[in-house]
Amino acid sequence: MKRSLFGRLWPNVTAVILFIGFVFPVYWMFSTAFKPTGDILSENPVWFPADVTFEHFETAVSADHFWSFVSNSLIVTILAVVFSLIIALAGSFALARMRFKGRRGFIIGFMLAQMAPWEVMVIAIYMIVRDASMLNSLVPLTLFYMMMVLPFTILTLRGFVAAVPKELEEAAMVDGCTRMTAFRRVILPLLAPGLMSTSMFGFITAWNELPLVLVMNKEVESQTLPLWLTSFQTVFGDDWGATMAASSLFAVPILILFVYLQRRAVSGLTDGAVKG
């Protein structure tokens, strides 16, 4: 009886501890953003601020070129996700439905590309962009962000395409649809969970990326929000209130996207990982 009770209890206790460990930094970030400066610098931590202030958010939003950073981040992130999904749809269909020489090596190559850390290629990427005279431009950022998320997107969508019975596609073609029409009307609607999970992964990856924009985009007008966060470090120290407010604003789009897509995203990650 005791063993049975312990067997049911310890997974729940472990889950609660992990939940607190993951959620507490997020809570501390948001709570610090609303604390007065005195509470932030107090020797005794203020767990629940009695006085709420929006001063730090005003400081963050009023920073120079804030809306330029926002628009740049949205442009490169959305375009990178959209382009990667378009290319991945064609690539995943080819890998799932067609048999060709070198297919297995092709898949292994995508896996290796996904495992390779992009940071080690920053210098090489910088030299390519410099030689192409495209520094301080959003175009190379968009292209490289797309390539960062493309391997994962193709591998995940491949599992979804493989999970769709071929008979559905063949039946649509018997009814008069072309292969492209059958893909658009039959297969594509069934890929919605996979599209959502991969788009969320791509959005988070491109939204948070810092090394590339730090190296390639020196002009303020072409920089993105991750660099904006560093603007709250001054010669007089760190403005922790403004930094936490800026971090909160930076995290809000990702939180909204995750809350909106969480159910389909979870099923998409699991289904796409085990099928095919």
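Helices (H or I, at least four residues) and strands (E, at least two) are DSSP runs, numbered from the N terminus. This is a predicted model, where local features need pLDDT of at least 70, side-chain atom pairs count only at pLDDT 80 or more, and totals for chains, interfaces and linings use all residues. Residues are numbered from 1 along each chain as its sequence is written, and side-chain values use heavy atoms, with hydrogens and water left out.

1. Let's start with Thr224, which sits in the loop between helix H11 (211-216) and helix H12 (225-229). Thr224 counts as buried because its relative accessibility is 3%; buried means under 20% relative accessible area, exposed over 50%, and partly exposed in between (1.4 Å probe, protein chains only).

2. What is Thr224 in contact with, leaving aside its neighbours within four places in sequence? The partners are Phe69, Asn72, Ser73, Val76, Leu141 and Val213, where contact means heavy atoms within 4.5 Å. As for Asn208, it is 16 residues from Thr224 in sequence, and their C-alpha atoms are 9.4 Å apart in space.

3. Next, have a look at Thr142, found in helix H7 (residues 138-163). Thr142 has a relative accessible area of 7%, so it is buried. Not counting residues up to four places away in sequence, Thr142 touches Val76, Leu79, Ala80 and Phe83.

4. Finally, Asp238 belongs to strand E2 (residues 237-238). Asp238 counts as partly exposed because its relative accessibility is 34%.
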